[in-house]
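The structure is placed below for reference.

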Amino acid sequence: MRIVVDYDLCESNAICMAIAPDVFEVRDDDFLYVLNEAPDEDRREAMEEAVQRCPKQAIAIEG
Amino acid sequence: MRRSITIVGASLAGLRAAESLRRDGFAGRISLIGDESHQPYDRPPLSKQVLAGDWEPERAVLTPAEKLEPLGLDLRLGVRATGLDVAVRELEVDGVPEPFDGLLIATGARCRTLPGTEGLEGVHTLRTLDDCLAIRAELDAGANRMVVIGAGFIGAEVASVAVGRGAAVTLVEALPAPFARVLGEEMGAVVADVHAANGVDLRCGVGVSTVSGVPGAMTVELVDGSGVDADLVVVGIGVVPNTDWLEGSGLTLDDGVVCDPTCLAAPNVVAAGDVARWTNPRTGESARVEHWDNAVEQGRHAARRLLTTDEEAEAFAPVPWFWSDQYDRKIQLAGRPNPDDEVRVVDGSTDEHRFAAFYGCQGRLTAVLGMNRPRQVMQGRALLEQGAGWDEALEVAAEWG
C-alpha cells in the first residue's frame, strides 16, 4: 500500500493527521508531510478513513 | 434483512451514505434521488475555487465516474421527491408513489431570501452550482462593485473571492461582528480585522432596509440611512431545511427532520446532513449542523443505522468541526462555544491573524478556534473528543509554543 497526496488539492486541513498522526503531519509552515508513504497493511482501515474524510479528496491509496 | 435502500438527496450526505453502504457490504439496490441534474458535486468550492474562476465546475464533482460506476447505484438525477407516507412505507417521486424498504433523507437546505428581494435580477444567493455560475458570469462580464449581505460563511467567502478578482466589496452584517454568533464578539472582531486588512468595506451592526435597481445599477439602503451602490448583490443570511415535501408524512418536523440520537426519524427512516435535527449526547443540544464534515459523518452513521437493529444502534456523537477559507486565512473551529465562555489565545497572535484559541466553561474545554493553525485545531479536536478539562488542555497547548 502506497499513500499518494495530490498537493495541488491539499489545503492542510489536518483531518488526516488527526486520524493517523503516524503517517500524516501538518507542520507550522502549513504544509502536509507524509511521514510514511508505505504504511503497514494493518493501517489500511485508518488510511481509508483518511481518504474518505479529507475535505479536498487529496489522498489516494495505491495498491 | 433489508433488500433495498432509497436515499433522497444526491449531495454530500446522500452520496457518502450510498458509498458507505457498499463499503459495509450492503449488496441490495440503492436508489439515489437528486433534484439537480448535475452529477453530485461538492459545495465548498462554489464559494472558493469555482467562483474565483480557478476551477471549472467539473473539478468539483464529488466522486469521479470511474469510482461511482462500480457501486452500481440506481442514480436518478433531475427528479424530485414530492411526498412521503411513513405509515405505509411509500415515497412519492415527481408525484408517482413508490414503496421503500429503508429510507435515508438527505435533502439538505436552501438559502433564506431577503424579504422584498425575491425576483430582483441583480440579487443572488449561493447554494447550487447554477447559483455560483450566475455570480461568476456577472464578475466575468465586468461587474466590479459588490454588496454582500450577511458575513457568515458564504458571505465572507464570496467577499474574499470577489476582492481577489479585483472587485470593490461592501460587506453588511447585522451582528456587531462577523461570526459573532458562532465565535463570540472578541474573536469575531479578529475576523472583522481580516476583512478590513483585505480592503473590504465592512458595515457591522446595521441591517438592510431595501434593495432596488437592475444588474449593474443596484442600490442597497441600510437602516442607518446610508446607501451603497453596486453592480450586483449577494445575500448570505443562512438556510432553511428542505422539509416542505415531508408535511403530512408522519415524521416530526421542527426546523428539520427530528431524529433520535441514533439518526432514526421513524421506523425504517433515517436523516442526515443539513436537514437532520438530533440531540448530540456529547453536548445534550438538539440542533441541525450545517457543516461539510457533519454531512459526511452523519451520512455514514445514518446509513449504518438502517442496517442495525434498535438494540445495537449507537448514538451519533461527533465533535463538530468546520473550516472556512477567507483571503489567505484558514479559519477552523472544533467544538461548540457557548456565548459566555472564557476565550484564551494559546498559540500565535491575533494581531498577526495566525493563532489558536481555546474556549472554556466550568473547567471544561468547549471549543478550539484556529486561524492558519490546522495542526493545533486537530489536536484540540482530539482533546474535545476525550472530554479534556481546561487545565489539561492548557498543559497540552503549552507545548505548542
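Which residue takes a positive phi in the hairpin of β25(B) and β26(B)? I looked it up: B:His353 does, with phi near 55°, in a hairpin that has four residues between the strands.

**Entry 1. Conventions.** I note that this is a predicted model, in which local features need pLDDT of at least 70 and side-chain atom pairs count only at pLDDT 80 or more, whereas totals for chains, interfaces and linings use all residues. Residues are numbered from 1 along each chain as its sequence is written, while chains are lettered from A and ligands numbered from 1 in the order in which they are written.

Entry 2. I took helices (H or I, at least four residues) and strands (E, at least two) as DSSP runs, numbered from the N terminus. Two strands pair if DSSP finds at least two bridges between them. Strand β25 (residues 342–349) of chain B runs antiparallel to β26(B), and seven bridges join the two. Within this pairing I found B:Arg344 bridged to B:Phe358 in β26(B). On to β27 (residues 364–371) of chain B: β26(B) pairs with β27(B) over seven bridges, again in the antiparallel sense. Here B:Phe355 stands opposite B:Met371 of β27(B). The hairpin of β26(B) and β27(B) has two residues between the strands, and B:Gln362 takes a positive phi near 50° there. I then checked burial, where a residue is buried if 20 or more other C-beta atoms, placed from the backbone, lie within 10 Å of its own, exposed if 12 or fewer, and partly exposed in between. Strand β26 (residues 354–361) of chain B is mostly covered, with six of its eight residues buried.

**Entry 3. The parallel sheet of chain B.** I traced an open sheet of five strands in the order β9-β16-β10-β11-β12 (chain B), with parallel pairing. Its edge strands, each pairing on one side only, are β9 (123–124) and β12 (201–204) of chain B. Strands β10 (residues 145–149) and β16 (residues 232–235) of chain B share four bridges in the parallel sense. B:Ile149 has B:Val235 in β16(B) as its bridge partner.

**Entry 4. Around β21 of chain B.** Strand β21 (residues 276–280) of chain B pairs in the parallel sense with β18 (residues 257–258) of chain B over two bridges; B:Val257 is bridged to B:Ala276. Three bridges also join β21(B) to β22 (residues 285–287) of chain B, and these two run antiparallel. B:Thr279 has B:Ser286 as its partner in β22(B). In their hairpin, B:Gly284 takes a positive phi near 75°.

**Entry 5. Between the chains.** I counted two residues as in contact if their C-beta atoms, placed from the backbone, lie within 7 Å. On this criterion, 10 residues of chain A are in contact with 11 residues of chain B. Helix α1 (residues 15–19) of chain A gives three residues, the largest share of chain A's side.

**Entry 6. Cores.** A nonpolar core is a set of buried Ala, Val, Leu, Ile, Met, Phe, Trp, Tyr and Cys residues joined through C-beta atoms within 7 Å. The largest has 87 residues, and A:Cys16, B:Met146, B:Val148, B:Val158, B:Val233 and B:Val234 touch the most other members. A second, separate core has 40 residues, including B:Ile5 and B:Phe316. Returning to A:Cys16, and leaving aside neighbours within four places in sequence, I found this residue in contact with A:Phe24, A:Ala50, A:Cys54 and A:Ile59.
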